Amino acid sequence: MKFHAFHLMPYPNLPDDFRQRYRGVWVDLPASELYDPVVGHRVYHDYLDELEFADQMGFDGICVNEHHQNAYGLMPSPNLMAATLTRRTRRAKIVVMGNSVALYNPPTRVAEEFAMLDVMSGGRLVAGFPVGTPMDTCYAMGQTPTTLREKYREGVDLILKAWKSEQPFAFNGRFTQLRYVNVWPRPIQQPHPPVWIPGGGSVETWDWCVQNGFLYAYLSFFGYLRARQVLDGYWEAVDRLGAEANPYSAGFIQFIGIADSDAQAEELYAEAALYFFNRCLHLYPGFTNPPGYTSVATMRKGIVGQVEQAARRAFADDLTWPEIVDRGYVVAGSPETVTERLSDMADHLRVGHLMVNLQFGNLSRETTMANIERFATEVAPRLRDRFNEYEDRWWPTDTLSELARPAPLGGEA
Amino acid sequence: MATAAGTTSRDVPLPSGLVCRVIEAGPGGDAATVVYLHGAGGVSEQDEILVNLARRWNVVAPMAPGFRDLAELGEIDDVHDLAIHYEEVFGSLGLENAVVVGHSFGGMVAAELAAHYPSRVGRLVLLAAVGLWDDDEPVADVFGVGVTELGGLMWGDPDGPGARAMREGLETIDVSDPKVVDELLIPMMQGFSAAAKFMWPIPDKGLAKRLRRIAAPTLLVWGANDRLVPAGYAARFERAIPDARVRIVPGAGHMVPIEVPEEVIAAIERFLG
């Protein structure tokens, strides 16, 4: 198994009565009322420190992602974060989870920036292409939900063609027309970095990933117990299409809090988990299900999108810590408890790539750093051998053995 | 729900290769023919607007592309393609100089058709039509509200029986029942998805600059309490369409042809003369 430190970079200062005062955390939450850029300065640097520490602690990957107009995750441009991480990390692969392709005009912008990141990082990039949440794509960025997926797929095709093509070419797409496609720089990883597709549970995505050799990552906020239906659907697609049931073709995300004991876990993590589930996931239902975003096939399959799940929850009562732990939204407790539950998860979901959120909500830097260290030293080693019999073909292989070193800062030299 | 006497549905093949579902209803005989273009809620034989119009006229109601199957929108990318599609529908139905009544999204479609192909539309009736934008009085984001808030946007009285029935209906939908998903939820979402293709994120796709081309005498009917497309939009349409008149119905909202059918029918009767 491989382990990746995932960061949402949430805004940590939402008021206690946030749910009462605002209808949602995304799209139309007024930044002028709630976002303090000085706090933002501090937490951006804390969060980057945390990801850099994860690199030092031996995590396989460090993950950033893209969201817009919200207090849930403050990375409208994950590529900016990835760029700065290329300078202060040495080992971990940089997993950008990823760029919402339909939002870039033209999408070759993504091919360019990802190639820059791959070159800057010495071939450490994992290229994630999400559709993006409805809040980000349709409401904040104005994309038409009815054609969003088509535009997204066309954009991914264009990016991959731009990376693979030996010669400049013309692209006459339905959503993008370019007379000359000729991307500079070209990535170190040839023909291109591994492609990961973060999905929320759309049935079409499974077949598409399997047929194209993309990793399928189910990014759910609701823990592994609820993820069975979706991952089972993915493995069925793998089976139906005659592909290898290789755990490294699948990824999953899990919130984790490690403590000395299960009781101490509540002390350390309950407040931050409640902050995340009751404030960061306080979604206005009107922004969760734009018509056309969810395909008819997915509706028929009865899979409620992760975002809609969250919105339904948002209007229910506040979650409590025991509910969060019992339902597996956060796997928390002693290293033994966490190892046991993740082992159970590995048995049931069969995912070789586990993204772990070790900072969530308003969890402090100090607790996060300890959580990162304990996961790396007390949990990951006990699970690392899982799935060793499989080859991971969804992981960078062309990483340079010698990375260029940033010059020491003048003042520190 | 009631159906008008003699209601029939048929599939009309179009030169494009698409097939258009057309519902027809009315008293027959000497009654005039009225083409009804429906809103984002779709059209069925039980459609209350259709039933109301069919008491007085022979109504021809083509279903908008995508409402039955989103694949129909494969080649229909924008309002221009949509106008071409409707021109073919009218051609296939032998409709020239027709009386066209459009509600909400259907009003936008009717206005686009009349602007693109002025000879197809002889008289135009726009009921609470979308298609224009005013920064000072924005059209409500019908696709960005929770389903339970939809009723309040649609009806002139947000706590009246129409709004209440809609709210209760949508609140009690059992999404885990496959029958409900297939018969109610999917058709509703398909229709909304199809309409959203032409209305997202703001339902102003250049109609304002084309309204001058509308040759048909035009009647604009709005509910004074329309919370979705405020009544001020009637005046904006009136100013831009060469031969237009406005009837504002006090108390009514966006569902004006359902809320006050007698007044809407009387206004259309007077207009048609």
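A:Asn371 has 0% relative accessibility and therefore counts as buried (under 20% relative accessible area with a 1.4 Å probe, protein chains only; over 50% is exposed, in between partly exposed). The model is predicted: local features need pLDDT of at least 70 and side-chain atom pairs pLDDT 80 or more, whereas totals for chains, interfaces and linings use all residues. Residues are numbered from 1 along each chain as its sequence is written, chains are lettered from A in the order written, and side-chain values use heavy atoms, without hydrogens or water.

A:Asn371 belongs to helix α15 (residues 365-383) of chain A; helices are DSSP runs of H or I with at least four residues, strands runs of E with at least two, numbered from the N terminus. Beyond four places in sequence, its contacts (heavy atoms within 4.5 Å) include A:Tyr269 and A:Leu358. Two distances involve this residue:

| Atoms | Distance |
|---|---|
| C-alpha of A:Asn371 and C-alpha of A:Ala259 | 7.7 Å |
| Side-chain polar atom of A:Asn371 and backbone oxygen of A:Ile256 | 2.9 Å |

In chain B, eight strands form an open sheet of mixed pairing, ordered β1-β2-β4-β3-β5-β6-β7-β8; two strands pair if DSSP finds at least two bridges between them. Strands β1 (8-13) and β8 (244-249) of chain B are at the edges with a single partner each, so one side of each has no neighbour in the sheet. Strands β6 (residues 121-127) and β7 (residues 218-223) of chain B pair in the parallel sense over four bridges, with B:Leu124 opposite B:Thr218.

Terms used:
Polar contact = N/O pair within 3.5 Å; in protein donor to acceptor, adjacent residues only side chain to side chain.
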